Amino acid sequence: MTYSSIISELRNQILYITINRENKLNALNKETLSELAQAIASAQNNEGVRGILLTGAGQKAFVAGADISEFAEFDGVQGEELARHGQETVFNAIEQSAKPVIAAINGFALGGGLELAMACHMRIVSDNAKLGLPEVSLGLIPGYGGTQRLTQLVGKGRAIEIITTGEMISATQAESIGLVNYVVAPEFLIVKAEELLNKIKLRAPLAVASAIRSINASADTKIDGFEIEIREFGRCFNTQDFKEGTAAFIEKRKPIFSGK
Ligand code: COA
């Protein structure tokens, strides 16, 4: 599939999605969001995709936020619709992806850019990157799940500090508060993300998907995450991969998982 604002390439079972609006610091306009939604949705039905690596084009920015020029004239109803549609089609879709999604943060991750990274399952950040949710400087608040996911990741006190001051934090500060998994030199950013995805590729795909669903349930106050874990645990027993994994252990060999 060919896109205009993103590049999507499948190599060695990893889908590389690059947001490709470098001259606008990869700001998320309508077209970019729509293409991201399509790429994530089609990856779910592609057995050849075992993980997704999301990054931004160029050296300067992962994503410098939602495209401000597109909503500058909006009223409240349009603003609500922008947030709802974006959350449902892109941000929640990434979080609920059965294939693990890693954000490789190669520069500024601001506003919608940090929200996008937070919707991913893991975050690797280059040591020169800056992260923040500066929406209050524009008279707004984060609208793509940022108030919720930042609080889940770093706790209420730190989330309130970051969101109400609107200040950027460094990569090492982000690591120290648990906002990102690893800080690396820029040349190792993709390498580190690939290293993690290549490890996950050796594991049973349906079990990985069950783990993601169960862990996501911990943040959903409307459902009982322990109950979800029990059901997902039970589902795993019905898979061929469970039979293969246990047989391989007993036969002292490496498992070959089929994702069935
Ligand atoms: N929406 C739309 N365009 C954006 C953008 C955004 N969120 N962020 C950057 N751009 C555009 C700039 O308008 C500029 O376009 P132009 O060359 O056509 O004028 C281009 O990207 C380069 O950005 P510029 O501001 O010139 O780069 P800089 O190095 O001086 O500053 C930032 C970098 C990230 C500090 C600055 O771009 C910025 O503050 N961006 C907005 C961040 C933000 O508030 N995000 C939350 C949005 S809800």
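Predicted model: local features only at pLDDT ≥ 70, side-chain atom pairs only at ≥ 80, totals over all residues.
Reader: Let's start with V180. Why is V180 called buried?

Author: V180 has a relative accessible area of 5%. The label needs a value under 20%, so V180 counts as buried. The residue is found in the loop between α7 (171-176) and β10 (182-184).

Reader: What is V180 in contact with, leaving aside its neighbours within four places in sequence?

Author: V180 is in contact with R123, V125, L131, A171, A174 and E175. Contact here means heavy atoms within 4.5 Å. There's also I124, 56 residues apart from V180 along the chain, with the two C-alpha atoms separated by 6.1 Å.

Reader: And how far apart in space are R158 and I228?

Author: Those two are 70 residues apart in sequence and 29 Å apart in space, C-alpha to C-alpha. R158 lies in helix α6 (residues 156-165).

Reader: Why is R158 called partly exposed?

Author: Its relative accessible area is 44%. Buried would take a value under 20% and exposed one over 50%, so R158 falls in between and is partly exposed.

Reader: What makes K252 count as exposed?

Author: K252 comes in at 78% relative accessibility. The cut-off is over 50%, so K252 passes as exposed. You'll find K252 in the segment after α11 (240-250).

Reader: What about the phi of K252?

Author: Phi of K252 is near 55°, a positive value in a residue other than glycine.

Reader: Where does Q13 lie, and is Q13 buried or partly exposed?

Author: Q13 lies in the loop between β1 (6-11) and β2 (14-19). With a relative accessible area of 34%, Q13 sits between the 20% and 50% limits, so the label is partly exposed.

Reader: On to helices. How do you know that α4 is mostly covered?

Author: Count the buried residues: eight of the eight in α4 (residues 112-119). They are G112, G113, L114, E115, L116, A117, M118 and A119.

Reader: What makes L116 stand out in the largest nonpolar core?

Author: L116 is among the residues with the most contacts inside that core, along with L131 and L179. Not counting residues up to four places away in sequence, L116 touches I19, L28, L36, L54, F62, V63, V90, F91 and I94. The core has 48 residues, and its largest share, six residues, comes from helix α1 (residues 30-44). A second, separate core of 15 residues includes I14, L53, I124 and V184.

Reader: Now the ligand. Which residues are closest, and what makes K24 a polar contact?

Author: The closest of the 15 surrounding residues are K24, K60, A64, A66 and I68. An N or O atom in the side chain of K24 is 2.5 Å from a ligand oxygen. For A66, a backbone N or O atom lies 2.9 Å from a ligand nitrogen.

Reader: How much of the ligand does the protein bury?

Author: Taken alone the ligand exposes 860 Å², and the protein buries 59% of that. The shell around the ligand divides into nine nonpolar, two polar and four charged residues.

Terms used. Residues numbered from 1 in each chain as written. Heavy atoms only, no water. Core = buried A, V, L, I, M, F, W, Y, C linked by side-chain atoms within 4.5 Å. Buried < 20%, exposed > 50% of the residue type's maximum accessible area, 1.4 Å probe, protein only. Helix = DSSP H or I, 4+ residues; strand = E, 2+ residues; numbered from the N terminus. Near = heavy atom within 4 Å. Polar contact = N/O pair within 3.5 Å; in protein donor to acceptor, adjacent residues only side chain to side chain. Areas by Shrake-Rupley, 256 points an atom, 1.4 Å probe, with all protein chains shown as cover. Nonpolar A, V, L, I, M, F, W, Y, C, P; charged D, E, K, R; others polar.
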